Amino acid sequence: MAALRRAGSRVAPFKVGPDYIDPGYHSLATGRPGRNLDPVLVGEHRIPGLFAHGAKGCDIAVVEGVMGLFDGRVDTAGVGSTAHVAKLINAPVLFVVDARGQSRSLAALLHGFRGYDPTVRLGGVILNQVGSERHEQVLRSACDEVGLDVLGVLPRDPQFSLPSRHLGLVTAAEHGPEAITAVDAIAAAVAKHVDLDAVRALASSVPSMAVAAWEPQVEAVTGEPLIAVAGGAAFTFGYAEHVEVLKAAGAAVAVVDPLNDEDLPEGTAGLVLPGGFPEQHAEALSANAKLREAVAGFARSGAPVHAECGGLLYLARSLDGHPMCGVLDADGFMTPKLTLGYRDAVASTSSPLHPPGSRVTGHEFHRTQLSTPHSTPPAWHWRGVDSRPVTEGFVAGGVHASYLHTHPAGDPEAVARFVRACHPFVARAGGGTVFA
């Protein structure tokens, strides 16, 4: 993405699946919002339109895959996989191979992937982690055997590495200048070792889709309620379409950084606390007592608050022993257990986001847990392992807080309902927020 941009292309960046971290690097590489294409979260019928929406005004779109080519939602025939998305947007696949420890066996690997689903078009290969010129020659011969063009050969280089932790890469926002340095190094290597003209030719080898770009079809309220959205290094897990739907529903949006800002923006009528890594910043978040108190007071007023995963932890009484906002009578703590997967959830309790009984598909991805009080109504219920019932999340007054990540394009009406719930709390003449 970065190499194409620096060669003069306007690049639209996409990521298959629900991941938030890679799109942050995509944005760094392209100067445009990183967007996700996840048929599980939004429905496969919306993928072409979301793709067209994100690709507006660009010369080329690059879609980073997820896991292996055919890996999708567990217990499905690859729903949500890279192959599934490639077919939905009629895109060729540039197959990136980790070539360490391989020589002629690469031919069998490529043959197997190409034959597994012939409706997925493998348009070429990039050889990654190549050890020497001789290693490259052997690998190129293997690709020739199966008739796949090599569009690039990347050598092993420690400059290309990025630091990881319990949920994947350290986010671009947290990695700071080092993230820029790493992207610069990768872009320079790709410009040197990948045939960018061949990549452009591959991208243009299929006709453009005759599909209307996605737009949030929601009714806008009057009065432009101001909704504060948490951002900064601790809260980076948000989909670009969320703010777009909020604005389409009539809201004004302001970003608040819980690590640095000591108050909510004046006139705030609603608060969105997205996911991220508050567990990495628990001490600093706790030290900002003024904002914690402001958030607690705002929530106690009954004003709408939408918190997902990291936002849920921020609303808890404490996180790994550090005081948080205390909106929820629960404590958060790190565990060695990874909770991961899609959930077909049903709203258990009426909230500013959902009426009871509404259905969504969301995604969980965390290593923290909460001590859960029995007195607070849950946000969701679903069938877990062996069809056992699961309840999750909290609804308390205007607060909807949950570990479940949802995509606003999958249910824009929930976002519009949230904006409507904010309307009674709009700022009145004379300044300040009036809680009606």
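Predicted model: local features only at pLDDT ≥ 70, side-chain atom pairs only at ≥ 80, totals over all residues.
**View 1. The largest cavity has a volume of about 220 Å³.** A search of the whole structure finds three cavities of 30 Å³ or more. On a 1 Å grid over the protein atoms alone, a cavity is a set of points where a 1.4 Å probe fits but cannot get out, and lining residues have an atom within 4 Å of a point; grid points are joined across faces, edges and corners, and a volume is the space filled by probe spheres set on the points. Of the 22 lining residues, His 242, His 306, Glu 308, Thr 406 and His 407 lie nearest the centre of the largest cavity.

**View 2. The second largest cavity has a volume of about 70 Å³.** Its lining consists of Pro 18, Asp 19, Tyr 20, Ile 21, Phe 237, His 363, Phe 365 and His 405.

**View 3. Helices α11 (residues 240-248) and α15 pack at an angle of about 50 degrees, with their axes 9 Å apart.** Helices are DSSP runs (H or I, at least four residues), numbered from the N terminus; axes are lines fitted to C-alpha atoms over the stretch in contact, and angles run from 0 to 180 degrees between N-to-C directions. In the contact (heavy atoms within 4.5 Å), His 242, Val 245 and Leu 246 of α11 meet Pro 412, Val 415, Phe 418 and Val 419 of α15.

**Notes.** Residues are numbered from 1 along each chain as its sequence is written, and side-chain values use heavy atoms, with hydrogens and water left out. Local features need pLDDT of at least 70 and side-chain atom pairs count only at pLDDT 80 or more, whereas totals for chains, interfaces and linings use all residues.

Note on methods. 1 Å grid on protein atoms, 1.4 Å probe; cavity = no way out; pocket = protein on both sides within 12 Å on 5 of 7 lines; lining within 4 Å. Helix = DSSP H or I, 4+ residues; strand = E, 2+ residues; numbered from the N terminus.
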